Amino acid sequence: MKRLEVNNIKKTYHTRLGGTSVDALKEITFSVEPGEYVAIMGESGSGKSTLLNLLATLDQPTSGSIKLNGQDLNQVKEQDAAIFRRNHLGFVFQDFNLLDNFSVKDNIFLPLVLAKKPLVEMEKRLDALAPKLGLVELLEKYPYEISGGQQQRVAAARAIITEPELILADEPTGALDSKTSAQLLALFQQLNQEGQTILMVTHSTVAASHANRVLFIKDGQVFNQLYRGNQTNEQ
Ligand code: ADP
Ligand code: ADP
């Protein structure tokens, strides 16, 4: 089975002092089919970051399961989680986390180097990807020499060069002006049309309008889903 299944997950944070607890997620269930483009929206504090951290295997749910291609993420041992992330997931975050003393090309290569891919394979993938993202002229430059929108495209290239099963994006347009934001959204749309599965957390209704489906989260629960074409599904 090739899909993401989030099954009845809960996440409770316990604070050390005072013994109070916060139910950040309460019984969240949804699935993402291969090739879908899903946006998650919700107010600050609704549980979006918590959900994304769980999907990214950076944290574990208190109960419930998350499966990617049938593999239970809770069963991925801590020491294997980095390898799992590297092999299956692509991350696009609000801050690009590019390494300033590496060229654009080496920044994009980084996940492939970590995965010990042969150089020939790395060059082949970059040759295919760079023109699509308008990065051909920028490969020998350094992150501080290029614009914010260009940096975001480099970060996107680094996320997708591993050919991940799922792209997880956290406010990917959050730091961009409207022009570069539109470029990034066009890129995501193109990737999705080529079959890439994308899950994006966003505050932006413009960004969310590009997705095939929007999940609205409130108080740790999915309270509505909006499908492109205006069908709604109250829960
Ligand atoms: P969002 O990303 O939608 O703003 P979060 O997932 O960050 O929401 O937060 C959901 C709820 O969980 C909030 O009440 C928040 O204060 C709480 N929370 C998030 N992370 C922690 C944490 N590490 N420890 C305690 N409470 C947390
Ligand atoms: P976002 O901008 O994504 O909504 P937040 O400001 O909610 O992010 O949270 C930023 C970070 O702080 C996250 O890693 C979250 O887990 C953590 N955090 C949020 N609320 C709390 C809290 N009450 N106690 C401890 N950590 C928290």
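1. The element that contributes most to the lining of the second largest pocket is H4, with four residues. Helices and strands here are DSSP runs (H or I, at least four residues, for helices; E, at least two, for strands), numbered from the N terminus. The model is predicted: local features need pLDDT of at least 70 and side-chain atom pairs count only at pLDDT 80 or more, while totals for chains, interfaces and linings use all residues. Residues are numbered from 1 along each chain as its sequence is written, and side-chain values use heavy atoms, with hydrogens and water left out.

2. The second largest pocket holds about 250 Å³ of space. A pocket is found on a 1 Å grid over the protein atoms alone, as an open set of points where a 1.4 Å probe fits, with protein on both sides within 12 Å along at least five of seven lines; lining residues have an atom within 4 Å of a point. Its volume is the space filled by probe spheres set on the points, which are joined across faces, edges and corners. Among the lining residues are Arg125, Ala128, Leu129 and Lys132, together with Glu163, Glu194 and Gln196. By class, this lining has five nonpolar, two polar and four charged residues. Ala, Val, Leu, Ile, Met, Phe, Trp, Tyr, Cys and Pro count as nonpolar, Asp, Glu, Lys and Arg as charged, and the others, Gly among them, as polar.

3. Arg125 also takes part in a salt bridge with Glu121, at 2.8 Å from N to O. A salt bridge is a side-chain nitrogen of Lys or Arg within 4 Å of a carboxyl oxygen of Asp or Glu. Glu121 and Arg125 are four residues apart in helix H4, and therefore separated by about one helical turn. Glu121 is partly exposed, at 24% relative accessible area, whereas Arg125 is buried, at 14%. Buried means under 20% relative accessible area and exposed over 50%, with partly exposed in between (1.4 Å probe, protein chains only).

4. The structure has nine salt bridges. In one of them, Glu33 pairs with Arg3, the closest N and O atoms being 2.6 Å apart. This pair links distant parts of the chain, 30 residues apart: Glu33 is in the loop between strand E2 (21–32) and E3, and Arg3 is in the segment before strand E1 (4–14). Arg3 also bridges to Glu5, where the closest N and O atoms are 3.5 Å apart.

5. The largest pocket contains about 520 Å³ of space. Its lining has 20 residues, and Leu89, Phe91, Pro111, Leu114 and Arg158 lie nearest the centre. Helix H2 (78–88), strand E6 (89–92), H3 and H5 each give two or more residues to this lining. E6 supplies the largest share, four residues. The lining comprises 13 nonpolar, three polar and four charged residues.

6. Which residues touch the most other members of the largest nonpolar core? They are Ile108, Leu135, Phe188 and Met200, in a core of 40 residues. A nonpolar core is a set of buried Ala, Val, Leu, Ile, Met, Phe, Trp, Tyr and Cys residues joined through side-chain atoms within 4.5 Å. H5 gives the most to this core, six residues.

7. Leaving aside neighbours within four places in sequence, the contacts of Met200 (heavy atoms within 4.5 Å) include Tyr37, Ile40, Pro172 and Phe188. A second, separate core has 28 residues, including Ile9, Leu25, Leu166 and Leu199.

Definitions and conventions. Chains lettered and ligands numbered in written order.
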